Amino acid sequence: MAQKEESKEKPIPEVDYKKKDKTASRNGSFHIVGIGASAGGLDALKKFFSYMPKDSGLGFVLVQHLDPTHESSLVELLSKYTPMDVIQVKDGMEVKPNHVYVIPPNKYMGISHGLLHLSEIKEPHGLKMPINTFLESLADDKKDNSIAIILSGFGADGTTGAKSIKLEGGMVIAQDPESAESDGMPISVINTGLVDFVLPPEKIPTKLISYVKTSRKIMQKLITDDKNNEEDLQTIFRIIRNHTGHDFSTYKESTMYRRIGKRANLHQIDNLKEYIHYLHRNPQEVEHLFQELLINVTSFFRDPEAFNVIKTKAIPELMASKKEGDTIRLWVPGCSSGEEVYSLAIILREVMASMGKYFEIQIFGTDIDEDAITSARKGTYPKNINVDVNQNRLRKFFIKKEGKFQVKNEIREMAVFAVHNVLKDPPFAKLDIISCRNLLIYLKSDAQKMLLSIFNYALNKGGILFLGPSESIGDSIESFDVVDKKWKIFKSSLSHPLPWRMVESPIKFTPYGERTAKSEHFDIEKIDLTNLAVKKLLDLYAPPSVIINDQGEILYIHGKIGKYLEPAPGRARLNIFDMAKDNTGFKIRSAIQNAASKTKDVVMEGLKISSNGDDKIINITVKPLQEPEIMRNLFIVSFEDVLIKKDDKRKIKIDLNTAEKDNRIVELEQELRELKERLNVTIEEMETSYEELKAANEELQSMNEESQSTNEELETSKEEMQSINEELATVNSELQIKIDELTRANDDMKNLFNSTEIATIFLDKEMNIRNFTPEASNLIKIRKSDVGRPIGDIVTNIKYKDMEADIKRVLDKLVLKEQEVQSKDDDWYLMRILPYRTSQDVIDGVIVTFVNVNQRMAAEEKIKEALKYAESLINTIKEPILVLDQDLKVFSGNKPFYEVFKLNPGDTEGKHIFEIDNGKWNDRNLKNLLEKTLKEEYAFNKFGLSYKFVDYGQKKICISGRKSYEGEVEKEMILLTIDVDNCNPGGE
């Protein structure tokens, strides 16, 4: 049962999840969380992962309904809300803790040994259930380490998968429908009663982590002290038995510890004694625990291959051994909500149709869960059963009603459901089929043996026993023949087994439900004397009777009724109105109507019938049944002979002889005959009217079936549209987030362009204007209406005729083009033309930018003027002077320098000082002095350098140097003065 906090086998196509991969992960100790979401799920996922820490130790697998034709951006979107790695699944990928795995579009996904497997989806829209598919495989792979979270979405996908998770002892959480954009999926799973918590998305992480952190510790603590825990476990069994009347002491202890431990963990209780106190203080928890132990998980045609074997092999052989019209009796113990019962009923109806034979079918579905039995009687199921029931069966055996499927009356009338404990209550007898699937696996071996003994007694010789795929008949192999080994289908081989209560039971219960060793001697307690005595007394003293429904259909026969009822001509029917002798059927019908309307017994006395050529006087009593609930609206019809003494007979005969002489009696007899004739005419008219009404009803039924067929087609179309709508809603959510991001990016770019005051023009590959910044409209006469026009058609203020040609060259060669250009207003701009690259690295046009460089140009002009002035001053000095820039390259030299050293400006300016004049200036000490001068504001004086002149030969020259700053920008320079004639090296 879900705890809500206020704001506080369908096989997967082409995927073999049973395959064993030796490379699969063996770290199966961590929990894997399967998250199902659909329409509106993106917002829930954002909130969920925003509150989920990065080191929870959980692995997350997300299954969402995605458009098969649309590339999903879910990975990119979720990565913004979690520090964990978000990955789109590839086939064979291993699930690791603290990672998020996202299903790709148009794929089914399953998990085996910790590895994710993918397969193509082939179903059309409206038939896909990828969430169920994954959760079912997750339950099978991770058992009680599996967790299901169902978030916003249409429909019921995820409900069946959540049931599988619960069956294996896992945990199920549903989003609070009030917080869901689409509440269909959360409500569907909540209605199963199997959800542990109902929470808004942002509160799920806290509860999830708390559960996972304590679950293993609590389980280990529960089983630490076997002796104490065994006593506590028996105490819990007594509490449940006192509350519900059901004893679970015969169930496997490992299963019980796991189920009880889970309930204790939900309340953060770590020992059984404290949990026992909690049960005493909270009686509602006893009911929750009872439901936890039941786990009513079933489905239509569970294990389809097994049902196919039953249909094609076992049932045809059974029917071949019977005469047409015989009764075939079935029992389904532990039937839960009835899916298995109706599955067998459908198969029986199909086999009868294929064989062309008719049999009376009686199916008894029993379970200890009253709620499940109530649900089974209604025969109404959610629309997601179309995953397990094919479209042909849905059309033939179900009707669509208020968005759900209801089993048709013709199938429901084959089944009777009742609350019944197979381990305690007397069994059904003379059965042809017992289907008990996945019940034995939860019981201890002694209880399994007892149940198999019960089944052996209840089955006719040759009767079919249908077990679950994980169950076996154990030591009862001599009592059964194998029909199908894989799917555990057996045939009873004993013709006269002992009555079940006299089979030596290996289990005996004390008043407290504790088990004792079986006695080696005959124990009278093992015989149910009460049931045997009641049966014997009924046979001796109860009158012949039948139990019928309000339509007269005979459901049960007690005693010999051949004297009162006989088969009617035509097709065999067990209807009391047709079988009643001497027209007593009309009187019985009237009595039933009176008994039903007045809810009291109706007795008809002195009725005359013929039996074996003799006239008999009988009394008929009709008794309406009100209790138990299962028998309400049924009636007991009892027949009792009226015994007449010989003297009474003689007296009656004398009276009749006297009456014949009485004229009055003759008249009365005449009136009586006339009344009988009129009554017969009236009856004939009624029968004619009935036939006409029946024909009209058949026509209406035919029209109804046509309307139903049309409605089913419309429902299918509706489901397909709903599926498409879910996929579109998911895509729309992703696109809306993308639009928001693009809007923000566009706003950022707009503000960036406005703040930089850079004129920018975006052109496509045909050189048509795509976009531009406001600054560009001042330089080139562009308006909003010019978008889409060729750039060559626009009037420009730029004094540059080759711009269009340069744009074409950049598009062809994909190289950057830079050019200083001047406007008609004499402003200078640095024009840059570069290719426009998309995020996929595709060239989709060009970008043209214009950066105003007026200030730089003015500064450079001033520098040139200053340099010219400095150069003129330097040239007036007689000594050679050389100016170096900060890279030690020659910036300029005066006239004496070039004359003395026989050089010219073209050979020196722009070159490194150590490269000019064939490297004659390349001296390591000079290099150190120059670098020191640049770094430390250092000046040196009269550095001696041996230099070989063309005219003078080898001669010592003295070099003095200091740092200088030129122009308004204070560009660093080194000024070298060279003394050739009066060199006295060594001074500084």
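Predicted model: local features only at pLDDT ≥ 70, side-chain atom pairs only at ≥ 80, totals over all residues.
Helix α12 is mostly covered, with 13 of its 17 residues buried. Just after α12, G356 takes a positive phi of about 70°.

The setting for this helix is a protein with 27 helices and 38 strands. Of its 988 residues, 46% are buried. The accessible surface comes to about 52400 Å², and carbon and sulfur atoms account for 50% of that area.

In soluble globular proteins, nonpolar side chains tend to be buried together. The largest nonpolar core here has 50 residues, and those with the most contacts inside it are I236, F248, Y275, I434, L451, F455 and L465. At least two residues of this core come from each of the helices α7 (226–244), α8 (253–266), α9 (272–281), α10 (283–294) and α16 (445–458), and likewise from each of the strands β18 (431–436) and β19 (459–467). Helix α16 gives the most, with seven residues. Once neighbours within four places in sequence are set aside, L451 is in contact with V422, L423, L439, L440 and L443. Another core, of 46 residues, lies apart from the largest one; V309, A345, I433 and I464 are among its members.

The whole structure contains 26 aromatic pairs. One of them joins F248 and F290, whose ring centres are 5.9 Å apart and whose planes meet at 70°, so the pair is edge-to-face. F248 lies in the loop between α7 and α8, whereas F290 belongs to helix α10, so this pair ties together parts that are 42 residues apart in sequence. F248 and F290 are both buried. A further edge-to-face pair is formed by F301 and F307, at 5.7 Å centre to centre and with 75° between the planes. These two residues, F301 and F307, are buried as well. Elsewhere, F300, Y342, Y381, F398, F405 and F417 form one aromatic cluster.

Rings also take part in arrangements with charged side chains. R770 lies over the face of Y836, at 5.3 Å from the ring centre. In a second case, the charged end of K784 sits over the ring of F772, 5.9 Å from the centre of that ring.

Two loop residues round out the picture. T298 lies in the loop between α10 and α11 (304–320). Its relative accessible area is 13%, and because buried means under 20%, T298 counts as buried. Not counting residues up to four places away in sequence, T298 touches S336, S337, E339 and E340. G40, in turn, is found in the loop between β2 (32–37) and α1 (41–50). With a relative accessible area of 8%, G40 is buried too. Leaving aside neighbours within four places in sequence, G40 is in contact with S152 and E181. G40 and D183 are separated by 143 residues in sequence, yet their C-alpha atoms are 9.1 Å apart in space.

Technical notes. Residues numbered from 1 in each chain as written. Heavy atoms only, no water. Buried < 20%, exposed > 50% of the residue type's maximum accessible area, 1.4 Å probe, protein only. Helix = DSSP H or I, 4+ residues; strand = E, 2+ residues; numbered from the N terminus. Core = buried A, V, L, I, M, F, W, Y, C linked by side-chain atoms within 4.5 Å. Contact = heavy atoms within 4.5 Å. Phe/Tyr/Trp six-rings, centres within 6.5 Å; stacked < 30°, edge-to-face > 60°. Lys NZ or Arg CZ within 6 Å of the ring centre and 35° of its normal. Areas by Shrake-Rupley, 256 points an atom, 1.4 Å probe, with all protein chains shown as cover.
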